[in-house]
Amino acid sequence: RGEDIILSNNSIDSSATNNFEGTITEIIPGVRGIDVVVDAGITLHALITAESLAHLELTEGKKIWLHFKATAVRFIPA
């Protein structure tokens, strides 16, 4: 789930076992928040607030770090 992904401008030391660096490909405003689409070798979607978007100074093409715990991973059958 997008709300389980933490974004940061730098790698952080946390209990999250999944840490990826990627490039923002899209920023999509929505009803529940802002969907930040990141290419990290796979496409990941992070759901953040407008405040976080401004605080992190996120723009398309920017490098960003994504962090999430293993328990947050869900596989969706195709």
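A residue counts as exposed here when its relative accessible area is over 50%, and as buried when that value is under 20%. Keep those cut-offs in mind for the views below, which come from a predicted model.

**View 1. E51 on the helix.** E51 is part of helix α1, which covers residues 50–56. Its relative accessibility is 60%, so E51 counts as exposed, given that the cut-off for exposed is over 50%.

**View 2. The whole chain.** Let us step back for a moment to the protein as a whole. What pattern does the protein follow along its sequence? The answer is β-β-β-β-α-β, made of 1 helix and 5 strands. The protein has 78 residues, and 33% of them count as buried. Taking the contacts with a separation of 6 or more, 65% are between residues 24 or more positions apart. The accessible surface is about 5200 Å², and carbon and sulfur atoms account for 56% of that area.

**View 3. The open sheet.** The 5 strands form an open sheet in the order β1-β5-β2-β3-β4, and the pairing is antiparallel. Which strands stand at the edges? They are β1 and β4; each has a single partner strand, so one side of each has no neighbour in the sheet. From one strand to the next, the twist averages 45°. As a reminder for reading such views, strands of a sheet pair through backbone hydrogen bonds, in either a parallel or an antiparallel way.

**View 4. Strand β5 and its two partners.** On one side, β5 is joined to β2 (residues 18–29) by 6 bridges, and the two strands run antiparallel. Here G22 stands opposite I64 of β5. Strand β5 also runs antiparallel to β1, and 3 bridges join this pair. In that pairing, L7 has L66 of β5 as its bridge partner.

**View 5. The nonpolar core.** The largest nonpolar core has 16 residues, and those touching the most other members are I5, L7, V36, I48, L58 and L66. At least two residues of this core come from each of β3 (34–39), β4 (43–48), α1 and β5 (63–68). Zoom in on I5 and you can follow its contacts: leaving aside residues up to four places away in sequence, I5 touches L44, H45, A46, L66, H67 and F68.

View 6. E57 sits in the loop between α1 and β5. Its phi is positive, at about 55°, although E57 is not a glycine. Is E57 buried or exposed? With a relative accessible area of 59%, E57 is exposed.

**View 7. Confidence along the model.** For the protein, the mean pLDDT is 86, and 85% of the residues reach 70 or more. Where is confidence lowest and where is it highest? The lowest mean is 88, in strand β1 (residues 6–8), and the highest is 95, in β3.

Methods:
Residues numbered from 1 in each chain as written. Predicted model: local features only at pLDDT ≥ 70, side-chain atom pairs only at ≥ 80, totals over all residues. Heavy atoms only, no water. Helix = DSSP H or I, 4+ residues; strand = E, 2+ residues; numbered from the N terminus. Buried < 20%, exposed > 50% of the residue type's maximum accessible area, 1.4 Å probe, protein only. Contact = heavy atoms within 4.5 Å. Areas by Shrake-Rupley, 256 points an atom, 1.4 Å probe, with all protein chains shown as cover. Core = buried A, V, L, I, M, F, W, Y, C linked by side-chain atoms within 4.5 Å. pLDDT = per-residue confidence, 0-100. Pairing = 2+ DSSP bridges. Axes fitted to C-alpha atoms, helices over the stretch in contact; angles between N-to-C directions.
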